[in-house]
Amino acid sequence: MTLTEIIDSFKSKLNVSKLVDSLERKASFYEESENGADENGSVGDLKYNPYFNSGNSDANNSNGGKISQNKDEPLIKLINVWKIYQMGEVEFAALKGINLEIYEGEFLIILGPSGSGKSTMMNLLGCLDMPSKGTVCLNSKDISELDESELAIIRGKMIGFIFQSFNLLPTLNTEENVLLPMEFQEEDRKIAREKASYLLDIVGLSNKKGNLPSQLSGGQRQRVAIARSLAVNPPIILADEPTGNLDSKTGDYILDFLDGLHQRDGKTIIIVTHDVELLRYATRVVYIRDGEIEKIETRPKNEPDMKNERGTKNEENRS
Ligand SMILES: Nc1ncnc2c1ncn2[C@@H]1O[C@H](COP(=O)(O)OP(=O)(O)OP(=O)(O)O)[C@@H](O)[C@H]1O
Ligand SMILES: [Mg+2]
């Protein structure tokens with residue numbers, strides 16, 4: 001498969017209008033509004049909805065954020081993957097022979113204690129790093145066969161990253177950080193600014209557009225990173241401890257939001273965390289310890305006992 005074919009197979013299925021639908025439903029979290037959408041697609045205080053007005057008819061005609069041609073083929077496949085870090089004379093195996101298939105439309109949680117290899121695995125899933133041994137395939141293509149510019153295109157168009165360290169550029173303000181991925185996509189500058197404005201409304205940071213990352217709280221930085229990760233409407237979202245710096249209300253909101261992208265738009269969500277409270281969102285959980293997969297658990301989504309995991313815990317705490 002050529003790179004163009006890979007990208008086309010991702011691109012052809014993006015569904016921007018459904019993303020907007022889920023964004024709008026969630027907009028009321030921070031911006032409570034009694035107003036419904038008008039004929040121009042604006043909702044409440046969100047004056048202009050760039051996703052409806054970008055003229056991207058291709059995106060609007062597509063079907064649900066789906067990516068691969070063949071649903072039976074895994075979207076991402078790790079085959080006997082090792083990651084060995086070299087520190088002078090000393091070697092450390094952070095991942096030891098990982099075998100994992102991730103399918104389109106999954107809400108996958110990789111759960112493990114600190115130091116177990118979660119972020120290392122995330123870097124491989126996101127084509128940010130190469131394995132020391134073994135193979136990582138994206139849409140049946142071995143990523144080690146792609147050159148850096150091809151990988152950059154895949155990372156830029158297909159994957160939204162919510163990093164543990166946020167990776168916000170310190171010299172850019174909130175708005176510029178969200179604009180950055182769109183610059184790489186050669187988006188029209190005016191539309192890009194409107195999209196950034198829309199996304200910052202969604203995450204409740206319209207009033208912090210001019211702040212540098214150093215002038216934001218940890219949770220606000222996390223939300224800038226989330227807005228940025230959605231800027232190019234990627235079909236795959238990789239999140240490393242997305243709620244790590246957030247209070248529980250904001251954390252729940254962010255997870256509900258990602259859940260909406262999964263359930264309504266069919267996006268593939270992959271989260272690494274040590275927080276068992278997030279498990280209620282997962283369709284599958286990969287337990288990792290000391291660089292190895294301990295077990296994999298399929299979870300019927302939205303089963304009452306799973307949905308109430310936090311509630312049950314709270315009940316326990318109260319009694
Ligand atoms: N560049 C590196 N060089 C050497 N060792 C590393 C490097 N990066 C990570 N490690 C080691 O690899 C192991 C896995 O690290 P990783 O960051 O993947 O853990 P994690 O599961 O994400 O932990 P946390 O929950 O604390 O973020 C750790 O023992 C870490 O010290
Ligand atoms: Mg980590």
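How many bridges join β7 to strand β8 (residues 268-273), and in which sense do they run, parallel or antiparallel?

Modeller: Five bridges join β7 to β8, and the two strands run parallel. First, some ground rules. This is a predicted model, in which local features need pLDDT of at least 70, side-chain atom pairs count only at pLDDT 80 or more, and totals for chains, interfaces and linings use all residues. Residues are numbered from 1 along each chain as its sequence is written, while chains are lettered from A and ligands numbered from 1 in the order in which they are written.

Strands (E, at least two residues) and helices (H or I, at least four) are DSSP runs, numbered from the N terminus. Two strands pair if DSSP finds at least two bridges between them. β7 also pairs with strand β6 (residues 159-162), in the parallel sense, over four bridges.

Look at Ile 237. In β8, Ile 237 stands opposite Ile 269.

Now the surroundings. Five of the five residues of β7 (residues 236-240) are buried, so the strand is largely enclosed by the rest of the structure. Buried means that 20 or more other C-beta atoms, placed from the backbone, lie within 10 Å of the residue's own. Ile 236, Leu 238 and Asp 240 point one way from β7. Ile 237 and Ala 239 point the other way.

Finally, follow the chain onward. β7, helix α10 (residues 248-265) and β8 make a right-handed β-α-β unit. Right-handed means that, with the strands pointing away from the viewer, the path from the first strand over the helix to the second runs clockwise.

Terms used: A residue is buried if 20 or more other C-beta atoms lie within 10 Å of its own, exposed if 12 or fewer, and partly exposed in between; C-beta atoms are placed from the backbone.
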